[in-house]
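Okay, everyone, thanks for coming. Let me put today's structure on the screen, and then I'll walk you through it.

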Amino acid sequence: MSVLSKVRIRLTSFQIIILGFAGVILLGALLLMLPVASRAGEVTPFGKTIFTATSAVCVTGLVVVDTATHWSYFGQAIILLLIQIGGLGVISVASFLSMLAGKKISLMQRQTMQNAISAPQVGGIVKLTRFIFLASFSIEGIGALLLLPVFVSEFGAKGIWMSVFHSISAFCNAGFDLMGGISGKFSSLTSFASNGYVTAVICLLIILGGIGFLTWSDVITKKHRFKEYKLQSKVILVTSLVLIVVPAVFFFFVDYGTEAMGTRVSLSIFQAVSPRTAGFNTADLTALTDAGKVLVMVLMLIGGSPGSTAGGMKTTTVAILFTNVLSVFRKRQNAGCFGRRVDDSVVKNAATLLFMYLTLAITAAIIISVAEGLPMQTCMFETFSAVGTVGLTLGITSGLSLVSQIVLIILMFFGRIGGLTIIYATFSQNDMVTSKYPMENITVG
């Protein structure tokens, strides 16, 4: 048995997921360094390419150079490929390519695939992976066709490429755009703020990518029979709806009250959808009220749903914590919803994730604030965006020092891989302690 085989056997599925993402990021960074990848035909420094590759693979959207004006078509194609791989998952893409090549998928590979897409069981994982890729490519294709008439009308033949790029970027919740050469660097989709059609298509792609592959399967299989959905699907759909409607109403009345009615509705809905975790923006975020910025930060931290193209803490995490609060208020022993009880271990995982994400984001914001001499709220907006793999910014990303950029790279990687994956990769099953200490109560609150 070769040394490589021995090493491979020792790796857990969670460690393989982490190494897979890291490997793709490094390869992408090296490819973006090639002179052909930049419009100027020059080598882009590794610091900029590793930041861009991490942002693309982790489907974040934070950039230190404008995507449209700095990168050539080759560079943009590399970024788009990284977005697609990162959105669908490195392990899922590798497994799908193995299927196309007719190779047999081993049990270890199936277990890794299961963990990569948060599937409930190993059985049927190959069939589910095929469904994910077929559905994803179909939705991205339809999205590109829907954007095509507007973009071709606006930008000519270049609009074909822009339609494909923005459809994939939106579905994968990446937030990368090619509007820099048209509307100004780092302008995102601000030139389409009043175009309800384009913003509606982008919003729909973001939502479809962010609700999770398992939820799609449930909806397609059981259609309108909501009562028959799995508990996770019910929680995801209801929580996602609440996280769109409530913020949209807030932005409609608080931040965009001076806009024309059509633009006001479009801006409000888009601003409610994009922060979880797409990263496009159709308005100047620095013009938001302080309350609006805080709401965006909360949405960025929550992110999308498990097993989706989105990152962040996940909608189910927030839902579980909320139901646990209700169970305490009602003096019930267990958290639950929709007539189902949730295991205490799930609540513990949710609380752990909230603590980890908040600790990382706030600590990173303190580091950047000290290093750059910037206001704490501005830095927190940036770090919440990075750990939530969103890509929204108040305009400071490109001017940050190398130290601050490294901090954001770590946050983006953590946000895409997921907190529990990092934990399980670090602590193996052998580290679990089965013995218990004597119990003694502590008063809280």
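Before anything else, one term: I'll call a residue buried if its relative accessible area is under 20%, exposed if it is over 50%, and partly exposed in between, using a 1.4 Å probe and protein chains only. By that cut-off Ser188 is buried, at 4% relative accessibility.

Now the housekeeping. This is a predicted model, so to speak of a local feature I need pLDDT of at least 70, side-chain atom pairs count only at pLDDT 80 or more, and totals for chains, interfaces and linings use all residues. Residues are numbered from 1 along each chain as its sequence is written, and side-chain values use heavy atoms, with hydrogens and water left out.

Let's take the overall picture. The protein chain has 20 helices and 2 strands; those are DSSP runs numbered from the N terminus, H or I with at least four residues for helices, E with at least two for strands. The radius of gyration is 22 Å, close to the 22 Å that the globule rule gives for 445 residues, so the chain is as compact as a globular protein of that length. That radius is taken over C-alpha atoms, and the rule is 2.2 Å times the number of residues to the power 0.38. Along the principal axes, the C-alpha trace spans about 65 × 60 × 50 Å.

How much of the chain is buried? Buried residues are 52% of the 445.

Contacts next, meaning heavy atoms within 4.5 Å. Of the contacts with a separation of 6 or more, 69% are between residues 24 or more positions apart.

For charge, I count Lys and Arg as positive and Asp and Glu as negative, leaving out His and the chain ends. That gives 30 positive and 17 negative side chains, and the centres of the two sets lie 15 Å apart. Each charge is placed at NZ of Lys, CZ of Arg, CG of Asp or CD of Glu.

On to the cysteines. How many disulfides are there, if a disulfide is a pair of cysteine sulfur atoms within 2.5 Å? The count comes to 0. Take Cys203: the nearest cysteine sulfur belongs to Cys172 and is 16 Å away, and Cys203 is in no disulfide. Cys203 is also buried, at 8% relative accessibility. Cys379 is buried too, with a relative accessible area of 0%.

As background, most residues other than glycine have a negative phi, and most peptide bonds are trans. Back to Ser188, then: phi there is near 55°, a positive value in a residue other than glycine. Ser188 lies in the loop between α10 (180-183) and α11 (196-210). Lys223 has a positive phi as well, near 50°, and is found in the loop between α12 (213-222) and α13 (231-254). Then there's a cis peptide bond joining Arg276 and Thr277, with omega about 0°. Thr277 is in the loop between α14 (261-273) and α15 (290-302).

Let me finish with a few helix residues. For the contacts here, I'm not counting residues up to four places away in sequence.

Thr215 is in helix α12 and buried, at 1% relative accessibility. What does Thr215 touch? Ser233, Ile236 and Leu237.

Lys293 sits in helix α15. Is that lysine buried or exposed? Lys293 is buried, with a relative accessible area of 11%. Lys293 touches Leu285, Thr286, Leu288, Gln377, Phe381 and Leu394. By contrast, Gly257 is 36 residues from Lys293 in sequence and 16 Å away in space, C-alpha to C-alpha.

Ala319 is buried at 12% relative accessibility and touches Val235 and Thr239. Ser327 is buried, with a relative accessible area of 6%, and touches Arg332, Asn334 and Ala335.

That's my tour; over to you for questions.

Key
Disulfide = S-S within 2.5 Å.
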